[in-house]
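The sequence and the structure come next.

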Amino acid sequence: MSASRLVLDAFYPVMPDAAWIERIVPLGVKLVQLRAKDMPDARLRGEIRGSLAVCKAHGCQLVVNDHWRLAAEEGADFVHLGQEDLAEADLTAIRAAGLKLGLSTHDEAELETALSARPDYVALGPVWPTILKQMPWAPQTPERLLIWRKRVGDLPLVAIGGLRPERADAVFQNGADSAAVVTDITLHAEPEARVREWLAITRR
């Protein structure tokens with residue numbers, strides 16, 4: 001499948017480990033990212049393997065953040081790289097392994113770098129302030145998605161950063177194809193209910 005025909009699910013939760021993925025994917029999630037940080041390779045491999053088993057059982061695509069070698073070895077669908085990881089990645093090896101590639105962008109220069117790598121999707125963030133990590137970039141605002149939409153052409157565009165259900169319409173109306181959601185789920189008092197709420201919104 002070429003990048004121009006790739007369709008991402010509109011709801012794109014980003015989870016810290018396989019236990020979270022096992023918890024939410026059976027609810028009907030069709031696209032999920034494993035964003036596991038600060039783990040030794042042996043544990044990471046287990047997290048990827050466990051996540052893949054759940055995703056395959058439920059018809060969900062798994063995106064592995066950062067760890068493209070392990071993702072390739074374990075047979076994941078996608079890898080997602082930040083700009084620093086992209087600079088060190090072997091894109092030829094990623095393509096040879098059949099991995100689709102998603103890339104983070106935060107400004108015009110990063111978008112140029114990302115597009116030159118011929119990704120399968122591009123993410124823009126943070127759209128709103130985020131507590132996920134300290135960011136040197138100001139919030140992009142939903143309106144900036146419109147600029148990215150024109151620049152990326154047919155590539156799927158993912159919005160990330162500070163997304164909540166009441167903000168979903170703003171990102172989709174401004175050209176995003178998919179809403180990446182992190183702490184709105186993991187820090188919610190009732191994560192499963194929140195996932196169902198997102199699924200209802202993004203299935204409209």
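Which residues have the most contacts inside the largest nonpolar core? They are Ile 21, Val 32 and Leu 163, in a core of 55 residues. A nonpolar core is here a set of buried Ala, Val, Leu, Ile, Met, Phe, Trp, Tyr and Cys residues joined through side-chain atoms within 4.5 Å. Buried means under 20% relative accessible area, exposed over 50%, and partly exposed in between, with a 1.4 Å probe and protein chains only.

The model is predicted: local features need pLDDT of at least 70, side-chain atom pairs count only at pLDDT 80 or more, and totals for chains, interfaces and linings use all residues. Residues are numbered from 1 along each chain as its sequence is written, and side-chain values use heavy atoms, with hydrogens and water left out.

**Cores**

The core around Ile 21, Val 32 and Leu 163 has 55 residues, and helix 2 (residues 41-57) gives the most to this core, with 5 residues. Helices (H or I, at least four residues) and strands (E, at least two) are DSSP runs, numbered from the N terminus. A second, separate core has 12 residues, among them Val 14, Val 63, Phe 78 and Ala 180.

Leaving out residues up to four places away in sequence, Leu 163 touches Val 127, Trp 128, Val 171, Ala 179, Ala 180, Val 181, Asp 184 and Trp 198. Contact means heavy atoms within 4.5 Å. Val 171 belongs to helix 8 and is buried, with a relative accessible area of 0%. Beyond its neighbours within four places in sequence, Val 171 is in contact with Val 127, Trp 128, Leu 145, Ala 159, Leu 163 and Ala 176. Between the C-alpha atoms of Val 171 and Val 158, which are 13 residues apart along the chain, the separation is 9.1 Å.

**Helix 7 and its surroundings**

Helix 7 (residues 142-152) has Pro 142, Leu 145, Trp 148 and Val 152 as its buried residues. Seen down the helix axis, the buried residues of helix 7 fall within an arc of 85°, so they line one face of the helix. The arc is that of the directions from the helix axis to the C-beta atoms. The cover over these buried residues includes strand 5 (100-105), helix 6 (108-116), strand 6 (121-124), strand 7 (157-160) and helix 8 (168-173). After helix 7 comes Gly 153, with a positive phi near 65°.

How do helix 6 and helix 7 cross, and at roughly what angle? Their axes come within 12 Å and cross at roughly 30°. That makes helix 6 roughly parallel to helix 7. Axes are lines fitted to C-alpha atoms, for helices over the stretch in contact, and angles run from 0 to 180 degrees between N-to-C directions. Angles under 35 degrees count as roughly parallel, over 145 as roughly antiparallel, 65 to 115 as roughly perpendicular and the rest as oblique. The crossing of helix 6 and helix 7 is right-handed; a crossing has this hand if the near helix is turned clockwise from the far one by less than a right angle, and is left-handed if anticlockwise. Helix 6 makes the contact through Glu 108, Leu 111, Glu 112 and Leu 115, and helix 7 through Arg 144, Ile 147, Trp 148, Arg 151 and Val 152.

| Residue | Relative accessible area | Class |
|---|---|---|
| Asp 66 | 16% | buried |
| Glu 47 | 12% | buried |
| Arg 49 | 48% | partly exposed |
| Asp 38 | 82% | exposed |
| Arg 118 | 62% | exposed |

Asp 66 lies in the loop between strand 3 (61-65) and helix 3 (68-74). Apart from residues up to four places away in sequence, Asp 66 touches Lys 37, Val 79, His 80, Leu 81, Gly 82 and Asp 85.

**Backbone geometry**

Most residues other than glycine have a negative phi, and most peptide bonds are trans. Asp 38, in the loop between strand 2 (31-34) and helix 2, is not a glycine but has a positive phi of about 55°. Arg 118, in the loop between helix 6 and strand 6, is not a glycine and has a positive phi of about 55°. The peptide bond from Gly 125 to Pro 126 is cis, with omega near -10°. Pro 126 is placed in the loop between strand 6 and helix 7.
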